Amino acid sequence: MNAVLAVRQYVSKMIEDSGPGMKVLLMDRETTGAVSVVYTQSEILQREVYLFERLDSPNREPMKHLKAICFLRPTKENVELLVQELRRPKYSIYFIYFSNVISKSDVKALAEADEQEVVAEVQEFYGDYIAVNPHVFSLNLLGCCRGRSWDPAQLTRTTQGLTALLLSLKKCPMIRYQLSSEPAKRLAECVKWTYQAMVHELLGINNNRIDLSRVPGISKDLREVVLSAENDEFYANNMYLNFAEIGTNIKNLMEDFQRRKPKEQQKLESIADMKAFVENYPQFKKMSGTVSKHVTVVGELSRLVAERNLLEVSEVEQELACQSDHSSALQSVRRLLQSPRVSELDAARLVMLYALRYERHGSSGLPALLEELRARGGTDRYRKLVSAVVEYGGKRVRGSDLFSPKDAVAITKQFLKGLKGIENVYTQHQPLLQETLDQLIKGKLKDSQYPYLGPNTLRDRPQDIIVFLIGGATYEEALAVFNLNRSNPGVRIVLGGTTIHNTRR
């Protein structure tokens, strides 16, 4: 149940099957993303793949000394481009791999175009998804639904991606779906017929890459960085820790370096101190480029947290999600809506949470909050988004309780010991997915809320679980899955979604 390993094995098999000799890897936009998150360019270069090209690139030069490994989605456009390629081949021999099922008519069209007999083989390798982590995958689809109904093209693509995951993991599952979700039922039926948090929130992650080009004073080599648990030991060890713990771990690593260089002692009491240290000691930067990358990322996160007053915003979000004091919550939201430091997007998110929690409260202040939101931005854009969120996920349409009040839990500020300027980001709230999966693992998930598709039911507790979120998953939910995998020996869970969201998405 390792999504990264499944796609890596497909890529390795392609390279092995093509035999010795210099090779070009010919891909499309989506397969380029799928390969880039599981294999580094240097790793592939060591396997005699010296060139990476897009099939739709118009300016590729003929290189008859190269073998071509083609890894492509089986789309109409790709088949047409491949037919043109085979009629005038640019490479000596072609090994063609489709990331999903290819129709017999398309295979026939390719065969007819191969007049020079340059195709060595055609196979289906089901790497038709982005393997973000071993237990997390995405289809990188945005806007998969129109209101509460599927966009037909997106339903087809989602079915193909989920089917590919099941085939790559060699799973023929029993399917359960959320009864209150018509899109979930539609997807379940389609798959049955065919067989299948903080960095992202503030900076955005696209195929494990972060764009830092807008960071003030950023150096050229750090304008774009890659965060991959497969190739970055520090990231692998810290990706599920909170902001404060990461700051502590970076500080400890730097102090360890200083102990080995006693003449260069320097106080490291803040993120700014760390950034100055990295810039002033090139030997440290050379020894650990990985850590300098993370100091830059954490430094930018720290700047944005302060600039957007996110610690106070986060505290109120936790209060909305986990407590039941309506009067206090309403006062807190109003106070932040009047703060010039709180961005329009963050203000809208607070009102959305308030609306989901207190839409039917007898003393609901939602109309006044919506008016304040309109006054801040001068448009109705975010007011409409609040209405859309309630229409999609309000109490009327929810299949289960979204909120689990914890009145007895007091929120306390935790200051990071030994590192000034950082407070612990509150993590009191747990996503609904954690409770749903916990019930599933214990065999207590109600059939009335999550029915089986078809007559068969699972008598024993499940061991391998694939959960797919239509509309998109989040890294908070990925953390919940990570923790459930760790705390339930013998249970393996993989999380997927049509995309991976942050608030802006």
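Trainee: Which side chain makes a polar contact with the side chain of Glu 300?

Mentor: Bear in mind that this is a predicted model, where local features need pLDDT of at least 70 and side-chain atom pairs count only at pLDDT 80 or more, while totals for chains, interfaces and linings use all residues. Numbering starts from 1 along each chain as its sequence is written, and side-chain values use heavy atoms, leaving out hydrogens and water. The polar contact (N or O atoms within 3.5 Å, one able to donate a hydrogen and the other to accept it; sequence neighbours count only if both atoms are side-chain atoms) spans 2.7 Å, and the partner of Glu 300 is Arg 303.

Trainee: Is Glu 300 buried or exposed?

Mentor: Glu 300 sits in helix H13 (helices are DSSP runs of H or I, at least four residues, numbered from the N terminus). With a relative accessible area of 5%, against a cut-off of under 20% for buried and over 50% for exposed (1.4 Å probe, protein chains only), Glu 300 is buried.

Trainee: At what angle do H17 and H18 pack?

Mentor: H17 covers residues 366–377 and H18 covers 381–393, with their axes 8 Å apart. Axes are lines fitted to C-alpha atoms over the stretch in contact, and angles run from 0 to 180 degrees between N-to-C directions. On that scale, the angle is about 145°.

Terms used: Helices (H or I, at least four residues) and strands (E, at least two) are DSSP runs, numbered from the N terminus.
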